[in-house]
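This report describes nonpolar cores and aromatic contacts. The structure is shown first.

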Amino acid sequence: MINPVTSAPIQPTCQSLATASPYLGTCIYSMNQSVNPICARTASQLPKKLPNAYSLFVSENYKLFKSKLPPNTLSKEVLRQLGETWTTMPMIKKSEYIKRHDEAANEYDNFFKTAPLRLIYDVEDKKEQKLIMKKFVQYGRLPKKPPASGYALFVSRQKRLPGQKSQDFIRSCAEQFSRLSEGEKQLYKDEVGVMKQEYDTLFAKLMNG
């Protein structure tokens with residue numbers, strides 16, 4: 001792979017570091033590296049969403065541009081020159097960054113589309129587990145969690161008025177819910193109970209399938 005600006009080859013410098021899970025381990029581009037990709041998918045770290053094509057251009061050329069400017073040049077000046085270069089860059093060169101970004105973005109999506117569902121249990125970090133769950137739900141591989149409570153179910157079924165602020169909407173929902181009878185509130189609570197049972201059954205079936 002060739003850097004369109006410097007014409008220098010871009011060589012991968014890592015191998016998979018996955019240890020705890022066979023589903024982890026690949027190279028992606030990072031804003032923390034100037035040219036080479038790094039291994040970002042380890043036993044405790046999932047793939048990260050790649051930046052857009054322009055950000056990829058900046059990450060690979062920031063140090064080069066900075067080295068050609070006076071030592072105390074501010075970052076905003078370096079970025080300004082990078083921006084001007086990107087704007088005037090011929091489309092044939094710009095398209096190389098766009099293509100690489102699109103390919104990496106597809107790889108990122110495909111990871112969550114194809115990774116075994118039990119990947120959820122292969123990471124210990126709570127934020128990463130939430131990300132995995134979110135992606136699996138997004139791609140229809142796992143069901144969406146039901147509301148946490150009867151009140152949450154009630155709120156999910158209310159329509160927010162055009163231009164209504166979030167705090168005003170929540171206040172309105174709270175006032176409406178408070179006016180319900182205990183029997184009506186219980187109906188929402190019972191419905192959530194049924195939804196949770198159905199969710200748990202389906203989730204267990206998919207995870208053990």
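The largest nonpolar core has 16 residues, of which Ile120, Ile132, Phe136, Leu142 and Phe203 touch the most other members. A nonpolar core is a set of buried Ala, Val, Leu, Ile, Met, Phe, Trp, Tyr and Cys residues joined through side-chain atoms within 4.5 Å; buried means under 20% relative accessible area (1.4 Å probe, protein chains only). At least two residues of this core come from each of helix H3 (91-114), helix H4 (126-138) and helix H7 (182-208), helices being DSSP runs of H or I with at least four residues, numbered from the N terminus. A second, separate core of eleven residues includes Val58, Phe65, Val78 and Leu82.

The model is predicted: local features need pLDDT of at least 70 and side-chain atom pairs pLDDT 80 or more, while totals for chains, interfaces and linings use all residues. Residues are numbered from 1 along each chain as its sequence is written, and side-chain values use heavy atoms, without hydrogens and water.

There are 13 aromatic pairs, meaning Phe, Tyr or Trp (six-membered) rings with centres within 6.5 Å, called edge-to-face if the planes are over 60 degrees apart.

Tyrosine 108 and phenylalanine 112 are about one helical turn apart because they lie four residues apart in helix H3; both are buried. Phenylalanine 154 in helix H5 (residues 150-156) and tyrosine 188 in helix H7 are 34 residues apart, and their pair links distant parts of the chain. Both phenylalanine 154 and tyrosine 188 are buried.

Key. Buried means under 20% relative accessible area, exposed over 50%, partly exposed in between (1.4 Å probe, protein chains only). Rings of Phe, Tyr and Trp (its six-membered ring) pair if their centres lie within 6.5 Å; planes under 30 degrees apart count as stacked, over 60 as edge-to-face and the rest as tilted.
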